[in-house]
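Reader: I would like to understand the words used for this structure, and what each of them rests on. Could you take me through them step by step?

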Amino acid sequence: MHVPDGFLDAPTSVATGVVAAAGVGVALRKARAELDDRTAPMAGLVAAFVFAGQMINFPVGAGTSGHLLGGALAAVLVGPWTGALCISVVLLVQSLFMADGGLTALGTNITLMGLVGVFVGYGAFRLALAVLPRKLGSVPLAAALGAFVSVPAAATVFSVLFAIGGTADIATGKVFAAMVGWHLVIGLGEAVITGLVVSAVVASRPDLVHGARGLAGRRPLLAGEVVA
Amino acid sequence: MKNRRFLVIGLFVALLVAGVGSYYASSHPDGLEYVAHRTGFLDSAKEPVDTGSPFADYSTEGVDDARLSGGIAGVAGVLLTLGLGGGLFWVLRRRPPAEQQD
């Protein structure tokens, strides 16, 4: 969903740039509470993993493809504020080094994937977790649901931005319907990948999963494991 | 699984996905690009600014072999992201009380 330079006009790009800067600014302060000696390296790994995951475009039919956005995944694994920073770092590297996502559209992309994707995904994850049984096994399922919702949410916000500041004169309804329609399908892929990755981390290191706090720690010690 | 082992395995998986797996990714346009094409605003995209990076479009300048070119760019991207992100998070992290006396 990387927006290139030119799709949105300058005022809209400046506005999303301000939103992105404010969001990242708040995240820089709030992420401190989520990060310590143990979780900081994990957060770096999550950012690197999202970069890798975003390279894997999966076909969704009719000559189009989707790829992981990773917002819900990062938020569940390392917390929403750190997650927003993870996605922002990925988008920065992509636009600076890979020519993926325009430089003037960086604020737009951070807003769409780093803020909307992360916080809608995390909100839906929290809601789902509150409804599902209170056990560790619910975490991957709730993460998958959050991931599913996050993709059409980001697509919706893009459609709104396009209606406000799109440089091409295309009917808003047409763009909205196509964006949300296709991204509902892509959201299924996002859900599957997110569910599987969270499930793998929960199985090996539930204590490192931010979204599993309060549920982890009751795992019986494995043979040979030493209590530090 | 110990911390270090977990991180090493995680990084290995990320490098494998970006360095090898990416070659097998679908080359169809992604959702946004497809919608832009179908509804008629793809032409409003501008060529990306040349930042002088050798990895533009996930290929490596001067490397002709597609598999190798994409693989190197992917590995470079993962390491750049890990370095930037990891560095940022390490600086931001809460220190144990003993270290906070500055």
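Author: Let us begin with the word helix: a helix here is a DSSP run, H or I, of at least four residues, while a strand is a run of E of at least two. Please keep in mind that this is a predicted model. Over residues 72–93 of chain A, the chain is 95% helix and 0% strand, and the C-alpha atoms at its ends are 19 Å apart.

Reader: What makes residues 72–92 of chain B a "transmembrane region"?

Author: That name comes from UniProt, where an unreviewed entry places the feature at these residues of chain B, and such annotations may be inferred rather than shown by experiment. What the model itself gives is that the span is 100% helix and 0% strand, with its end C-alpha atoms 30 Å apart. For chain A, UniProt lists several spans under that feature name, among them residues 6–28, and that span is 83% helix with 29 Å between its end C-alpha atoms.

Reader: Why is H2(A) called roughly antiparallel to H3(B)?

Author: The axes of H2(A), residues 39–54, and H3(B), residues 66–92, come within 8 Å and cross at roughly 150°. Angles over 145 degrees count as roughly antiparallel, and therefore H2(A) is roughly antiparallel to H3(B). The crossing of these two helices is right-handed.

Reader: Which residues of H2(A) and H3(B) meet, and how do they divide into nonpolar, polar and charged?

Author: Those of H2(A) include A:Ala40, A:Gly44 and A:Phe51, and those of H3(B) include B:Gly74, B:Gly85 and B:Trp90. The residues of this contact divide into 12 nonpolar, six polar and no charged; Gly counts as polar in this scheme, whereas Ala, Phe and Trp count as nonpolar.

Reader: How many residues does each chain bring to the contact as a whole?

Author: Chain A brings 60 residues and chain B brings 51 residues. On the side of chain A that touches chain B, the largest share, 11 residues, comes from H2(A), and the residues of that side divide into 38 nonpolar, 15 polar and seven charged.

Reader: What makes B:Tyr34 in helix H2 of chain B buried?

Author: A residue is called buried if 20 or more other C-beta atoms lie within 10 Å of its own, and B:Tyr34 is buried, as are B:Gly31, B:Leu32, B:Val35 and B:Ala36 in that helix, residues 31–39. What covers the buried residues of H2(B) includes strand S2, helix H6 and helix H7 of chain A. After H2(B) comes B:Gly40, whose phi is positive, near 95°.

Methods. Residues numbered from 1 in each chain as written. Chains lettered and ligands numbered in written order. Predicted model: local features only at pLDDT ≥ 70, side-chain atom pairs only at ≥ 80, totals over all residues. Buried ≥ 20, exposed ≤ 12 C-beta atoms within 10 Å, placed from the backbone. Contact = placed C-beta atoms within 7 Å. Axes fitted to C-alpha atoms, helices over the stretch in contact; angles between N-to-C directions. Parallel < 35°, antiparallel > 145°, perpendicular 65-115°, else oblique. Left-handed = near helix turned anticlockwise from the far one by under 90°.
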